Amino acid sequence: MNSPSLWHALLAIGLLAAIAYGSRVLGLLVMSRVPLGPKVQRFVDAMSTSVLIAIVAPLIVYGDGGARLAALATTLVAILWRSPLLAIGLGMVAAAAWRW
Amino acid sequence: MTRGRHARGMMMKRQANSEAWLDAPGIWRGLLMMMPVAAFTVAFGLAFGVAAVHHGLADWEAMLLSTLVFSAPSQFAALDMWHSSMPLLALATVTVAIHTRHMLMSAALYPWLHTLGRGRQFAMVLLMSDSNWAMALGQYHRGERNLGILLGSGIALWGAWILGTLVGVTFGGGISQPERYGLDVIMLCFFLMMLFGGRPRLVMAMPWLAATLAALAAYHWLPPYLHIMMGGLAGGLVAVVMPRNRAGESAS
């Protein structure tokens, strides 16, 4: 397989690292310009969990049966027992079992 | 970045709502809280290491990526472009799109961090990733102010991710289909745990519905990876325009 040259690879890794860290810093810089009123608090509060919703929604809707079964198992365990280890573990087992 | 902000934290007790501090016990506590997830992160890092080997990356390239970038989705996306004519502009564009969510995530941490100096703020988000951000912010909403929770949990995940990658590139040949072992649903399950394992608040029903619809629409019609930002913004906006009395000012 053709691999990029050493400098090409280093440049790519540096680029990725800069973007990955820069995005985290940028969020703080933007917020430091915005006064923290109750409206902004409410926005940030709802936005933070909505980000998670936005990540999982397509994974469930467009995922295979294994992903959906995993989502169902994890959500039920999370609500009923609130144990992360059990919830995530059972989710993985459910997905693996569906695809067997 | 080290410790010893405890004393100041005590002195500022009168404004317990806005004061943040950092100490070693807090870091340790964050580390321990993240251990169950870190165990899965090792498996996930292993999946990345295996995929990297299959895409022809050198071991050190995979290790450097995991150490410096510390982000599963952008690292996996980069693998597909990792060949002799790797297009840096396309790589940067995809990575920016993937990382727009981290902008929103660190913005959500700002109320917690805003009393710190700028250098400390920037240091605190160094190891912020999806799962420890979600966990730490959940703790913040329950009244936690010790930033060790954020930092320690980040250290746990970072170490686990690097360790997993190392195992993956070392024994890479053995596993060919990570999805057969359910490795690809770890993040999905973790986020669902974060959403429903706490106390899902009824006031979030409308924002979450808006987030779902916006994310699915963006997933369908916009360039890849922007759906996360769109969903987050939609949820936040709906919460702001909702009638005040339904928006539960008594948060947590």
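Modeller: What follows goes from the core to one of its helices, then to the domains and the chain contact.

This is a predicted model, in which local features need pLDDT of at least 70 and side-chain atom pairs count only at pLDDT 80 or more, while totals for chains, interfaces and linings use all residues. Residues are numbered from 1 along each chain as its sequence is written, and chains are lettered from A and ligands numbered from 1 in the order in which they are written.

The largest nonpolar core has 116 residues. Such a core is a set of buried Ala, Val, Leu, Ile, Met, Phe, Trp, Tyr and Cys residues joined through C-beta atoms within 7 Å; buried means that 20 or more other C-beta atoms, placed from the backbone, lie within 10 Å of the residue's own. The residues with the most contacts inside the core are A70(A), I186(B), L188(B), C189(B), F191(B) and A215(B). Helix 6 of chain B supplies the largest share, 13 residues; helices are DSSP runs (H or I, at least four residues), numbered from the N terminus. Domain 1 (6–200) and domain 2 (201–252) of chain B both give residues to this core, so the core lies between them. These bounds come from an automatic or database domain assignment.

I186(B), L188(B), C189(B) and F191(B) are among the buried residues of helix 10 of chain B. This helix (residues 186–196) is mostly covered, with 10 of its 11 residues buried. Its cover includes helix 2 (38–61), helix 3 (65–80) and helix 4 (84–98) of chain A, together with helix 3 and helix 8 (130–141) of chain B.

A215(B), leaving aside neighbours within four places in sequence, is in contact (C-beta atoms, placed from the backbone, within 7 Å) with residues of both chains, including I53(A), A57(A), P58(A), H227(B) and M230(B).

Between the domains of chain B, 10 residues of domain 1 are in contact with 11 residues of domain 2. Helix 6 (residues 88–113) of chain B gives the most to the domain 1 side, with six residues. That side has five nonpolar, two polar and three charged residues; Ala, Val, Leu, Ile, Met, Phe, Trp, Tyr, Cys and Pro count as nonpolar, Asp, Glu, Lys and Arg as charged, and the others, Gly among them, as polar.

The contact between the chains takes 80 residues from chain B and 62 residues from chain A. Helix 6 of chain B again supplies the largest share of the chain B side, 18 residues. By class, the chain B side has 56 nonpolar, 20 polar and four charged residues.

How values were computed
Two residues are in contact if their C-beta atoms, placed from the backbone, lie within 7 Å. Helices (H or I, at least four residues) and strands (E, at least two) are DSSP runs, numbered from the N terminus. A residue is buried if 20 or more other C-beta atoms lie within 10 Å of its own, exposed if 12 or fewer, and partly exposed in between; C-beta atoms are placed from the backbone.
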